[in-house]
Amino acid sequence: MFDFTPAELTAIALSLKVATVAALASLPLGIATGWLLARKRFFGKALVDALVHLPLVLPPVVVGYVLLVALGNNGVIGSLLMQHFGIGFAFRWTGAALASAVMGFPLMVRTIRLSIEATDRRLEQAAATLGATPWRVFRSVTLPLAWPGIVAGAVLAFAKALGEFGATITFVSAIPGETQTISSAIYGLLQVPGGDAGIWRLALVAVGISLLALLASEWLVRRQRGETH
Amino acid sequence: MFDFTPAELTAIALSLKVATVAALASLPLGIATGWLLARKRFFGKALVDALVHLPLVLPPVVVGYVLLVALGNNGVIGSLLMQHFGIGFAFRWTGAALASAVMGFPLMVRTIRLSIEATDRRLEQAAATLGATPWRVFRSVTLPLAWPGIVAGAVLAFAKALGEFGATITFVSAIPGETQTISSAIYGLLQVPGGDAGIWRLALVAVGISLLALLASEWLVRRQRGETH
Amino acid sequence: ADAPLTVFAAASLKESMDEAALVFRRETGQQVRVSYAGSSALARQIERGAPADVFVSADVDWMDVLQSQGLIDAHTRSALLGNTLVLVAPKHSAAHAITLDQSADLLPLLGERGRIALALVDSVPAGRYAKAAFDSLGMWDDLRSRTAEAENVRAALLLVARGETPLGVVYGSDARAEPRVKVLGTFPEPAHPPIVYPVAKVKSSTHPQAAVFVRWLRTPQAMRIFRERGFSVR
Amino acid sequence: MLALDIVLERGARNGGGFRRHVSIRDDARVIALAGRSGAGKTSVLHAIAGLLTPCEGRIEVDGRCLFDSVAGIDVPVHARHVGYMFQDARLFPHLDVRGNLGYGRRGQGAATFGFDDVVALLGIGALLERRTTHLSGGEAQRVALGRALLSQPRILLLDEPLTNLDQARREELIPYLQRVRDETALPIVYVSHSADEVERLTRAVHTLD
Amino acid sequence: MLALDIVLERGARNGGGFRRHVSIRDDARVIALAGRSGAGKTSVLHAIAGLLTPCEGRIEVDGRCLFDSVAGIDVPVHARHVGYMFQDARLFPHLDVRGNLGYGRRGQGAATFGFDDVVALLGIGALLERRTTHLSGGEAQRVALGRALLSQPRILLLDEPLTNLDQARREELIPYLQRVRDETALPIVYVSHSADEVERLTRAVHTLD
Ligand SMILES: Nc1ncnc2c1ncn2[C@@H]1O[C@H](COP(=O)(O)OP(=O)(O)OP(=O)(O)O)[C@@H](O)[C@H]1O
Ligand SMILES: Nc1ncnc2c1ncn2[C@@H]1O[C@H](COP(=O)(O)OP(=O)(O)OP(=O)(O)O)[C@@H](O)[C@H]1O
Ligand code: MOO
Ligand SMILES: [Mg+2]
Ligand SMILES: [Mg+2]
C-alpha cells in the first residue's frame with residue numbers, strides 16, 4: 001500500500017517544505033499582529049481584524065485569484081518586487097508557501113491574540129519595575145506566557161498549509177516538483193474515476209505528518225511548562 | 001453595484017443560515033471536545049486530537065468526499081440516520097451546514113481548548129469548596145472564564161463557514177436555493193469570463209457579514225468583561 | 001409539475017446552461033435549477049444518490065462510469081456538444097498564428113522561463129485532451145517540464161489572460177469568451193480524442209420533465225445558445 | 001471536634017518534595033495551626049477541604065468522616081461544606097463582589113451568617129457592585145472572608161485571615177470571630193502567624209514542624 | 001529623601017471611584033505608610049514605581065524627579081530603578097525561583113545586595129530550582145522580597161513585606177532591614193499594618209486618610 005510513485009514522493013517532500021516554511025515564516029508577523037490586536041486600541045482596528053480574517057471568509061480560489069492579480073509576475077505588487085528585489089512568487093514553491101501562509105494567517109493570529117489577551121498584565125508591570133524595557137518585557141514575559149497559543153497558532157497554520165489547495169493551485173498552479181503539493185495531487189486523483197486508492201494513501205500521509213506536528217507541539221508546550229530556563 | 005439577482009440574494013440568505021447554524025450547532029460539541037483535550041488525560045488522546053485536526057489537514061474536497069461516502073443517501077451512516085431518525089443531510093442545506101461545521105471544527109476546538117487551559121484551576125477549587133458540583137463549577141466558573149475563547153471559536157467557525165466551499169460542493173453540490181452558498185456561487189462565477197463584477201460583489205457581502213460577526217463577538221466579550229451578572 | 005428540475009452540469013457550461021434554463025422556463029413554465037461543479041464531483045454525487053434529474057458532463061469517462069453502474073437512462077444519453085482545443089496567447093503578445101502540426105515548435109514562444117498553462121493534465125478533461133494532442137504531435141517531451149497546471153480550464157485561461165504565461169491550451173469556447181487572449185491556432189481534431197459533452201437523464205429521476213429537457217437541449221433553439229458560446233454541435 | 005491523622009505529600013515526583021505526617025485530635029471549637037513558613041499549614045487546610053488528597057490517613061470533623069484511606073472514603077469537595085478562606089483570596093474575576101459573596105449561599109436551612117450582618121461587619125457595603133480585580137489587598141481579603149462565611153459552612157478554614165488588615169479592622173473582627181466561636185457550634189481551623197491574634201481565639205494551638 | 005505631592009485617581013470612570021491627594025515630604029531613610037485598608041497605600045507605591053500615573057503633581061526621590069505633570073516629566077517604569085515588592089507577590093510563573101531572583105539583576109556597578117547573602121537571609125536556598133507556582137504563601141513572599149532587593153534598586157518599595165511570615169523569620173528580617181537602612185543610603189517606603197514592625201524601622205510614619 002505504501003509504494004509511492006516518485007511523483008508522490010516529490011509532492012510529499014514539497015508539502016513538508018511548503019507547510020514548514022509557511023508556518024514559521026508567518027510566525028513573526030502573526031505574533032506582531034496578534035499582539036497589536038490584543039493590546040492596542042487604534043483607529044481602524046476592526047478593519048485590520050476583518051482583513052486578517054479575510055482569507056477565511058472568502059473561498060480559497062478567490063484568495064488565490066487575488067494573490068495572482070497582486071503578486072503574479074504582471075501583478076501590481078509582484079512586478080515591483082521582481083524589478084527591484086528580484087523576488088518572484090509566480091509558479092515557484094515560495095508562492096505555494098505564501099498562499100498557504102495567507103490562508104493559515106487568520107487561524108494563527110486568532111490563537112496568538114487570545115493567549116496574549118489572557119496573559120497577566122501585572123506580571124509585565126513587575127518586569128518593568130525590575131528594569132526591563134518594553135521590548136525585554138515582551139520577549140521575556142509576554143511571549144513565554146503566551147507560548148501555548150503561539151505553538152498552537154503555528155500548528156494550525158502548518159496543518160492548514162498541508163490541506164490548502166484552492167488558493168495555492170490558483171496562484172501558482174500545480175507544477176510537479178515545484179508547486180504540486182500533496183493536496184493538489186489528491187485533487188487531481190479525485191478527478192479521475194478509480195483514483196481512490198491513491199487518494200487514501202496520500203491522505204494518510206498528510207494525517208501522519210499532522211499527527212507528528214501535533215505531538216511535537218504538545219512536547220514544546222510541556223517542555224516550557226515543566227522545565228524552566 | 002449592489003443590485004443583486006434573486007439567485008444571489010438566495011445564496012446570501014442561505015450562507016447566513018448555514019454559517020449561523022454551523023457555528024452554533026457545533027458549539028456544544030466544540031466546548032466538550034475542547035474541555036476534554038484541555039483537562040483530561042486518556043489513552044488515545046493524541047489520536048482524538050489528530051482526528052479533530054483532520055478537516056484542516058486534508059483538502060476540503062476530500063473531506064466533502066468522505067462526508068458523501070459516509071452520510072450520503074446510500075452512505076453507511078447516512079442511510080441509518082435516515083431510516084431510524086429521518087435525519088437527512090444529503091443535498092440539503094443541513095448538509096451544507098454540516099460540511100461547514102466539520103471544516104470549522106478544528107479552529108473552534110483549538111481556541112476553546114486554549115482558553116480552558118488558560119483558566120485558573122484554583123478558582124475552580126474555590127468554587128468547589130463553596131459547594132458547587134463539578135457541573136456547576138464548569139458552568140459558572142470554567143465557561144465564563146473561557147468565554148473569550150468560546151466566542152473566538154464560534155466566530156472562526158462562522159467565518160470559515162462563509163468561505164467554505166470545497167467540502168460543501170463535493171458533499172451536497174451547489175443546488176440553487178438549497179445548497180448554493182455565497183462561496184459556491186462565487187465558484188460558479190469564476191467559471192465565467194467577465195464574471196468578475198459578480199465575484200467582487202459577493203465577496204464584499206461575505207466580508208461585510210464577517211465584519212459584523214467580528215464586531216458582535218468583540219461586543220460579546222467586552223460585555224461579559226465589563227459588566228457583571 | 002411544480003417541483004424544479006435539477007440539472008447537474010459541468011462548471012464550464014455555466015453561462016450557456018444558465019441561459020438555456022431561462023429559455024426553457026419561458027417556453028414551458030418549468031423551473032430549472034442548475035448545480036455547477038466539476039464533472040467528477042457531480043458524477044460521484046450521482047453515484048451517492050444525488051437528487052439530480054439530468055447530468056451534463058464535460059467528460060465522457062465519468063458518464064461511462066455512471067452508465068456502467070446503471071445510474072443513467074442509457075437510451076436518453078447522447079453526445080450533446082463538442083468543442084475545439086486551441087492554443088492561446090495574451091492579447092498583446094507578439095506571437096503569431098501558427099499551424100499546429102508535427103513541425104510546430106512552441107519552445108521559442110515560451111522563451112527562457114515561460115510556461116504553458118493547461119488544466120491538470122492527468123485529471124481534468126481539458127488537460128487530458130491537451131496532453132494527448134501534444135503527445136500525438138510529438139511535442140510533449142519538450143513541454144512536459146514547462147507546464148503550469150491549473151485546477152480547471154478557466155483557471156488556465158486566467159493565467160494567459162493575465163499574461164502570467166505566454167501560452168495556454170483551452171477550449172475554443174473559453175478563448176472566445178475572454179477578450180484578453182487571442183487564438184494562435186486550433187489543434188487538429190484527430191490529434192486528440194473527440195471532445196464530447198454527453199448528456200443523459202439520471203435513472204432515479206422521476207421528474208416528468210427530465211426526459212423532455214434532455215430532448216429539448218437538442219432542439220435548434222437550444223443549440224443556438226451553445227453555438228453562440230463557441231461550442232460545436234454534434 | 002477535629003480528628004485528623006494524615007500523611008501529606010506535595011511535588012514528590014521530582015524528588016525532594018514535601019512530605020509530612022500530621023496528627024491532630026482536639027475538641028476545642030477553634031484550633032489554631034502555627035509553624036514556620038512552608039511547614040504545611042495551608043496543606044492541612046487543603047486536605048480538610050478535599051483539595052489535596054493525603055497519601056493515607058483519616059480526617060473527621062464533628063464526627064463526620066471526610067476522608068479515610070483505609071475505608072476508601074473521600075467525600076467530594078463540594079459535599080464537604082467547608083467555608084475556606086484561602087491565603088490567596090481566589091475571588092472570581094468574572095463576578096462582582098456581590099456575585100462572589102452570593103456564590104456559595106447554600107439554599108435551605110436557617111442561615112448562620114446573615115448577608116447584611118457580614119457585609120456591615122466587614123465594611124464592604126460600598127464595594128458590592130465592584131469588580132474584584134479592582135479591589136485593594138485588604139478589601140479582597142475581607143470579601144474572601146465574607147464569601148467563606150456566607151457559604152453557611154459546617155467548618156471554617158481560615159488561612160491568615162487578618163494579615164492585610166489594619167489594626168482597627170482587626171479589633172472589630174476578632175471579637176466577631178469570638179462571637180462565632182461562642183454562639184455557633186461551628187468548628188474553626190485558624191492559621192495565623194500572629195501569636196496575639198491566636199491567643200485571643202483559642203488555647204488549642206498546634207504547631208507543625 | 002522622598003518628596004511627593006500628587007493627586008491619585010482609580011476607576012473614576014464608573015463614578016464613585018477613588019480619588020486622593022497625597023503629600024509627603026520627608027528626609028528619613030525609611031518612610032512608613034499607614035492607613036486603613038483601601039486608603040491608598042498601594043496606590044502611592046504604584047505611583048512612585050510609575051505603574052499608576054497621577055492626575056497631577058510631582059514625585060521626587062533623592063533629588064531625582066520621576067514625575068512632574070507641569071514639567072511634563074514621566075520617567076518610564078523600567079528606568080526608575082525601583083525595587084518593588086508587590087502586595088501580591090507577582091512572581092513569574094514561567095521562571096523558577098532562581099530565574100525570578102535573577103530577572104532584575106542590573107548589570108554594572110557594585111552590587112548593594114549579594115545573591116548568596118539575600119538567599120541565605122531569606123532562607124530560600126532550597127527553593128532555587130522550584131517553580132514559583134509550587135511555593136507556599138510565605139515562601140512566595142520571601143522570593144518576591146529577594147527579587148526586589150536583587151534588582152539593585154535606588155529605592156525600595158515594600159508593600160506589607162512580612163505579613164505571611166512567622167515570628168522567627170520576622171525577627172531575622174527586621175534587623176536586616178535595619179542594617180540596609182543604616183549601611184546603604186537606600187530610601188525605603190514601607191507599607192505595613194503592624195505598628196510594632198514599623199516602630200522598629202522608622203519614626204517617619206505617614207498615615208493616609
Ligand atoms: N483598578 C482599580 N479600579 C478602581 N478602584 C481601584 C482600583 N484599584 C484600587 N482601587 C481602589 O482604590 C482604593 C485604594 O486602593 P489601594 O490598593 O491603594 O489601597 P491600600 O491602602 O493599599 O489598601 P490595602 O491595605 O487593603 O491593601 C481602594 O478603595 C480600592 O478599592
Ligand atoms: N504544588 C506544590 N508542589 C510542590 N511542593 C509544594 C506545592 N505546594 C506547596 N508545596 C510545598 O509544600 C510545603 C508546605 O506548603 P504549605 O503551603 O502547606 O506551607 P504553609 O505552612 O502554608 O506555609 P506559609 O506559611 O508560607 O503559607 C512547602 O515547602 C511548599 O514549598
Ligand atoms: O467543466 Mo469541467 O468538469 O470543470 O472540465
Ligand atoms: Mg500557607
Ligand atoms: Mg494595598
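Across all chains of this predicted model, the count of disulfides is zero. A disulfide is a covalent bond between the sulfur atoms of two cysteines. D:C55 takes part in no disulfide, and the nearest cysteine sulfur, belonging to D:C65, is 17 Å away. With a relative accessibility of 38%, D:C55 counts as partly exposed. In chain E, E:C65 is likewise in no disulfide; here the nearest cysteine sulfur is that of E:C55, 17 Å away. E:C65 has a relative accessible area of 18% and is therefore buried, the cut-off being under 20%.

Attention now turns to ligand 2, which is found between chains D and E. Around this ligand there are 19 residues, and the ones that come nearest are D:T42, D:S43, E:S136, E:G138 and E:E139. Sorted by class, the shell consists of 12 polar, five charged and two nonpolar residues.

Both chains supply polar atoms to the ligand. On the chain D side, a polar side-chain atom of D:S43 sits 2.5 Å from an oxygen atom of ligand 2. On the chain E side, a polar backbone atom of E:H134 is 3.4 Å from a nitrogen atom of ligand 2, while a polar side-chain atom of E:E139 lies 2.6 Å from an oxygen atom of the ligand. Taken alone, ligand 2 exposes 640 Å², of which the protein buries 91%.

How values were computed: Residues are numbered from 1 along each chain as its sequence is written. Chains are lettered from A and ligands numbered from 1 in the order in which they are written. This is a predicted model: local features need pLDDT of at least 70, side-chain atom pairs count only at pLDDT 80 or more; totals for chains, interfaces and linings use all residues. Side-chain values use heavy atoms; hydrogens and water are left out. A residue is near a molecule or strand if one of its heavy atoms lies within 4 Å of it. A polar contact is a pair of N or O atoms within 3.5 Å; within protein, one must be able to donate a hydrogen and the other to accept it, and residues adjacent in sequence count only if both atoms are side-chain atoms. Accessible areas come from the Shrake-Rupley method with a 1.4 Å probe; for residues, only the protein chains shown count as cover. Ala, Val, Leu, Ile, Met, Phe, Trp, Tyr, Cys and Pro count as nonpolar, Asp, Glu, Lys and Arg as charged, and the others, Gly among them, as polar. A disulfide is a pair of cysteine sulfur atoms within 2.5 Å. Buried means under 20% relative accessible area, exposed over 50%, partly exposed in between (1.4 Å probe, protein chains only).
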